[in-house]
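User: I would like to go through this model with you, one question at a time. Please give the cut-offs behind each term as it comes up.

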Amino acid sequence: MADPKFCNKCGSSMPAGSKFCPECGSIVEGTEFEKQRTKEMNDMVRENGFNTVKFLLTIYAIPIIIIGIIDIVNASANANALWSNQSFQEWLKTQTLFKGLTLATLTDYFTYLGYLAVISGIGAAVSLVFVTIRRYWLFAVIGCMVAAIFCFWSIFGLFIGFFVTWMILDLKPFFEEFQGEGQ
Ligand SMILES: [Zn+2]
């Protein structure tokens, strides 16, 4: 295919084989050079996407698993501390919803919160593994959704979780099983 003779930005005529318009300096479309550059730009966007997702999953997964384990281990101590707090007891008397709440039940609640955090963190860690190896896209998506859903007690965590899920959905064509599909 012959190279274009006129710049599609400014309309100036160009010598054959030009990579850039001699008049306005814009890149000539349709040349091998332009295709290569477009491919490089797409590769860069893709790598940035993968790096951002991996970064967000890492800074999410590791702390939340640690926090969850600490919460589980300290559930009894935390429940005891809250239970022996005078203002908590005063507040509890005004709450019909928590009527009959015992120290044991309170300890259970603290423990469940810890488990929620751990499950959420494991979901993010699983997602991180599949994003890193760029295989099993569906499991990367599910892992991240689990991370988001089990973080329902934190609006911020929930938001970040679904935001990262959306980013993984966008990276679908670059997972191994979808390579070669489309263009
Ligand atoms: Zn031009």
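User: Is F6 buried or exposed?
Analyst: F6 has 12 other C-beta atoms within 10 Å. With C-beta atoms placed from the backbone, a residue is buried if 20 or more other C-beta atoms lie within 10 Å of its own, exposed if 12 or fewer, and partly exposed in between. By that rule F6 is exposed.

User: What kind of model is this, and how are its residues numbered?
Analyst: Residues are numbered from 1 along each chain as its sequence is written. The model is predicted, so that local features need pLDDT of at least 70 and side-chain atom pairs count only at pLDDT 80 or more, whereas totals for chains, interfaces and linings use all residues.

User: Where does F6 lie, and which residues is F6 in contact with beyond its neighbours within four places in sequence?
Analyst: F6 is placed in the segment before α1, where helices (H or I, at least four residues) and strands (E, at least two) are DSSP runs numbered from the N terminus. Two residues are in contact if their C-beta atoms, placed from the backbone, lie within 7 Å. Once its neighbours within four places in sequence are left aside, the contacts of F6 are G11, S12, S13 and M14.

User: Which residues have the most contacts inside the largest nonpolar core?
Analyst: A nonpolar core is a set of buried Ala, Val, Leu, Ile, Met, Phe, Trp, Tyr and Cys residues joined through C-beta atoms within 7 Å. The largest one here has 22 residues, and those with the most contacts inside it are L57 and C144. The elements that give two or more residues to this core are α1 (32-73), α4 (103-133), α5 (137-149) and α6 (155-170).

User: How are α1 and α6 oriented to each other?
Analyst: Axes are lines fitted to C-alpha atoms, for helices over the stretch in contact, and angles run from 0 to 180 degrees between N-to-C directions. The axes of α1 and α6 are 10 Å apart, and the two helices pack at an angle of about 150°. Angles under 35 degrees count as roughly parallel, over 145 as roughly antiparallel, 65 to 115 as roughly perpendicular and the rest as oblique. The angle therefore makes α1 roughly antiparallel to α6.

User: Which residues of α1 and α6 make this contact?
Analyst: On the α6 side the contact is made by I160, V164, M167, I168 and D170. On the α1 side it is made by G49, T52, V53, L56, L57 and Y60.

User: How are α2 and α4 oriented to each other?
Analyst: Helix α2 (residues 75-83) packs on α4 at an angle of about 130°, with 8 Å between their axes. This angle makes α2, relative to α4, oblique.

User: How many nonpolar, polar and charged residues are in the contact of α2 with α4?
Analyst: Ala, Val, Leu, Ile, Met, Phe, Trp, Tyr, Cys and Pro count as nonpolar, Asp, Glu, Lys and Arg as charged, and the others, Gly among them, as polar. By these classes, the contact of α2 with α4 has seven nonpolar, five polar and no charged residues.

User: What is phi of R134, and what is phi of Y136?
Analyst: R134 is in the loop between α4 and α5, and Y136 is also placed in the loop between α4 and α5. R134 counts as partly exposed, with 16 C-beta neighbours inside 10 Å, and Y136 counts as partly exposed with 17. Phi is positive in R134, a residue other than glycine, with a value near 55°; in Y136, again a residue other than glycine, phi is positive and near 50°.
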